[in-house]
Protein chains: 2
Amino acid sequence: MRKRATAKQVAEAAGVSKWTVIRAFTPGASITEESKRKVLETAASLNYTPNLLARSLATNATHQVAVFVDDFANPQKLPFLETLTERLQAAGLVVMLININNHFDHVHALLHADQRQVDAIVLFGTAFRDETLTDHQLGRGMPPMFVLARDSQIDGVPAVVCDAELALKDIVDHLHERGYRRPGFMTGATVLSTALRRRQHFVEFWGKKGVHDVAVLSAEKYSAQAGAEAVRRYLNTTNATDRVDVLMCENDILAIGAIDEMRGKYGLRVPEDMAIVGFDNYELGGSSAYGLTTYEQPRHEMVEVIVGMITGRVDAETVTLPGKLVMRSST
Amino acid sequence: MRKRATAKQVAEAAGVSKWTVIRAFTPGASITEESKRKVLETAASLNYTPNLLARSLATNATHQVAVFVDDFANPQKLPFLETLTERLQAAGLVVMLININNHFDHVHALLHADQRQVDAIVLFGTAFRDETLTDHQLGRGMPPMFVLARDSQIDGVPAVVCDAELALKDIVDHLHERGYRRPGFMTGATVLSTALRRRQHFVEFWGKKGVHDVAVLSAEKYSAQAGAEAVRRYLNTTNATDRVDVLMCENDILAIGAIDEMRGKYGLRVPEDMAIVGFDNYELGGSSAYGLTTYEQPRHEMVEVIVGMITGRVDAETVTLPGKLVMRSST
DNA sequence: CACCTGTTTGCACCCGGTAGCAAGCAATTT
DNA sequence: AAATTGCTTGCTACCGGGTGCAAACAGGTG
């Protein structure tokens, strides 16, 4: 069992009371330069460092933020996690990464995070329904919660999202301008409101252009594999003449899977035979093999806002931020 | 400020002492069914839950594991993080994800993790040198440290790695069998011992096949971009007849960047003009656009072992596990 | 030198649990 | 009926710090 020095031990060694030691480590506390120096010296020699656990208990603030993630298949999570940890750390907060899965569901995670006294909970792209809270009377006394990169369906829980309406408007404008008139949409999940919203807006903006027929392809989950399967089903059941001329996929992973399948198994060209659009601007989509036209979420701004909410600098109200269209060779 | 019920409050409400309340929440504690039921009922009505912070302080065990990551550019991190969080959570441990970067270096992170009293520190693929510990006298009293997916250069700090020797042997055997005789190697970092080792073994096993000339290409970091640049420099400075017939890239990301560049800018075919091998079996490398031959690290086994070390089930000694060669169309 | 003022310092008590001992109590034994 | 045994329960002490108040101390003034 390891032993660390405590404030009391430092106090004895320095010939002061433990409170003086604590003051030496409390910025702005009332203490003379002289005794502060003395304390810091003996503290250094004893290798003393304040115990943040004890401090958290006493101050009722852990400076820990639980981040719930339930979909590690989406590579987009990684850059977001990087930015999120970096900005939170810069604000003096540390991330507790919680993997929501079959063995550790939302309710477990919520209870656990609460018991650990985290300062806030970030639902990062997790599917979290209102009932989870109401069913378990978890609402009261929970740490403040925030939803990142997905709509919040929960009353009083703000979200930070990319503006889907603007995004889809930009995309549809771009496609229309390029001359496409027979659009299709590939969904990855049929239950998520964020997914539904993208599709809704896609259909809506095509409607405004006078195009009222939008084909819908369903992938089973967000993976290249699933995207490939979805497009295969579509191509197998649709005559070449009836096919869409542009397919918007709900994210880049689906799009990449779709492109591979089209080229590899069907010898189709992108964009000549069918144009493809993705979403998220995942690094590999930008490689020359795919040249995927996509839409980039304003990651840094989103993270900045959510960190602001957590630290209280920003009002905790749902924020919608504009992203930007990334045009490449696939359209 | 949120208020949670405490054991004392539950005790008063239930008409017992706070220790009886605690016992009701301590598995195997000495308490009658009767009073346990009574306590649990009033606890539920008051929405009481033990405060893990206080418990950690008293028991000197936080059940938190700090995981240091300094390279979020490598997509391989994500599946590893998924597996790691899942297995640790299954063992009752929770992950504190720490982003090591310019603003928050190893020393900061180490001190911070120590102050938070974490039970263990996992250096996940981070470049961490011996001196960091010795320079700062951090050795004494630190939580136990483990290195995941990279060699440990630190005395007394065990690592869990994929067997590089076996991997490179399998790869070279495979390439030799396929008839390649002019090999090249692309490194992503020249300072990491893991990187050096792969290259060394690559050269060594070719040597055993009687091939003593291995070209070396250096990418500046691990990104598709850097891989593309490295291969561009090579192609621009090497006559077509002098070129390698197979290029092994230190990981799949470099390989994918290299393939894109070769095909896009130079019209070269893979594997006819130059075969390519990667490392890590990253999902997209398996798409039909790349068909990248690669080597897969035994992720689940590695995580299982490191979790075993952390929980003390497994002896804390460096473990080397065999991965497996994934043959595809790029060779 | 006494007096006043403002800063340091020490202290009792608190944060919410855990450990281990000793008293309380019922059932069993002699 | 008294003694023994074993389970419950309450209590003191403790984990390592933080808060607010009061005592101690300095420095400047009359």
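B:Asp280 is buried, its relative accessible area being 7%. This description rests on a predicted model. Although B:Asp280 is not a glycine, its phi is positive, at about 120 degrees. The residue is placed in the loop between E9 and strand E10 (294-296) of chain B.

## Further backbone exceptions

Most residues other than glycine have a negative phi, and most peptide bonds are trans. A:Ala149, which is not a glycine, has a positive phi of about 65 degrees. In chain A, the loop between strand E4 (145-148) and strand E5 (159-162) holds A:Ala149.

A cis peptide bond is found between A:Val270 and A:Pro271, with omega about 10 degrees. A:Pro271 belongs to the loop that runs between helix H11 (252-266) and strand E9 (275-277) of chain A. In chain B, the bond from B:Val270 to B:Pro271 is cis, and its omega is near 10 degrees. The loop between helix H11 (252-266) and strand E9 (275-277) of chain B contains B:Pro271.

## Packing of helices H1 and H3 in chain A

Two packed helices are described by the angle between their axes and the distance between the axes. For helix H1 (residues 7-14) and helix H3 (residues 33-46) of chain A, the angle is about 115 degrees and the axes are 9 Å apart. The crossing of H1(A) past H3(A) is right-handed.

On the H1(A) side, the contact is formed by A:Gln9, A:Val10, A:Ala13 and A:Ala14; H3(A) contributes A:Lys38, A:Val39, A:Thr42, A:Ala43 and A:Leu46. Of the residues in this contact, six are nonpolar, two polar and one charged.

## Surroundings of A:Tyr48

A:Tyr48 is located in the loop between H3 and helix H4 (52-59) of chain A. Its relative accessibility is 11%, so A:Tyr48 counts as buried. Leaving aside residues up to four places away in sequence, A:Tyr48 touches A:Ala5, A:Thr6, A:Ala7, A:Val10, A:Val21, A:Phe25 and A:Ala43. Among these partners, A:Val10 and A:Ala43 also take part in the contact between H1(A) and H3(A).

The C-alpha atoms of A:Tyr48 and A:Ala149 are 41 Å apart in space, and the two residues are separated by 101 residues in sequence.

## Aromatic pairs

Over all chains, the count of aromatic pairs is eleven. One of them is the tilted pair of A:Phe80 and A:Phe124, with 5.4 Å from centre to centre and 50 degrees between the planes. A:Phe80 lies in helix H5 (residues 77-90) and A:Phe124 in strand E3 (residues 120-124) of chain A, so the pair ties together parts that are 44 residues apart in sequence. A:Phe80 is buried, with a relative accessible area of 1%, and A:Phe124 is buried at 2%.

In chain B, B:Phe25 and B:Tyr48 form an edge-to-face pair, 5.1 Å centre to centre with 75 degrees between the planes. This pair links distant parts of the chain, 23 residues apart: B:Phe25 is in the loop between helix H2 (18-24) and helix H3 (33-46), and B:Tyr48 in the loop between H3 and helix H4 (52-59). B:Phe25 is partly exposed, with a relative accessible area of 25%, whereas B:Tyr48 counts as buried at 11% relative accessibility.

## Ring cluster and charges over rings

A:Phe185, A:Phe202 and A:Trp206 are linked by ring pairs into a cluster. In chain A, the charged end of A:Arg198 sits over the ring of A:Phe279, 3.9 Å from the ring centre. In chain B, B:Arg198 lies over the face of B:Phe279, at 3.9 Å from the ring centre.

Conventions. Residues are numbered from 1 along each chain as its sequence is written. Chains are lettered from A and ligands numbered from 1 in the order in which they are written. This is a predicted model: local features need pLDDT of at least 70, side-chain atom pairs count only at pLDDT 80 or more; totals for chains, interfaces and linings use all residues. Side-chain values use heavy atoms; hydrogens and water are left out. Axes are lines fitted to C-alpha atoms, for helices over the stretch in contact, and angles run from 0 to 180 degrees between N-to-C directions. Helices (H or I, at least four residues) and strands (E, at least two) are DSSP runs, numbered from the N terminus. A crossing is left-handed if the near helix is turned anticlockwise from the far one by less than a right angle, and right-handed if clockwise. Contact means heavy atoms within 4.5 Å. Ala, Val, Leu, Ile, Met, Phe, Trp, Tyr, Cys and Pro count as nonpolar, Asp, Glu, Lys and Arg as charged, and the others, Gly among them, as polar. Rings of Phe, Tyr and Trp (its six-membered ring) pair if their centres lie within 6.5 Å; planes under 30 degrees apart count as stacked, over 60 as edge-to-face and the rest as tilted. Buried means under 20% relative accessible area, exposed over 50%, partly exposed in between (1.4 Å probe, protein chains only). A charge sits over a ring if NZ of Lys or CZ of Arg is within 6 Å of the ring centre and within 35 degrees of the ring normal.
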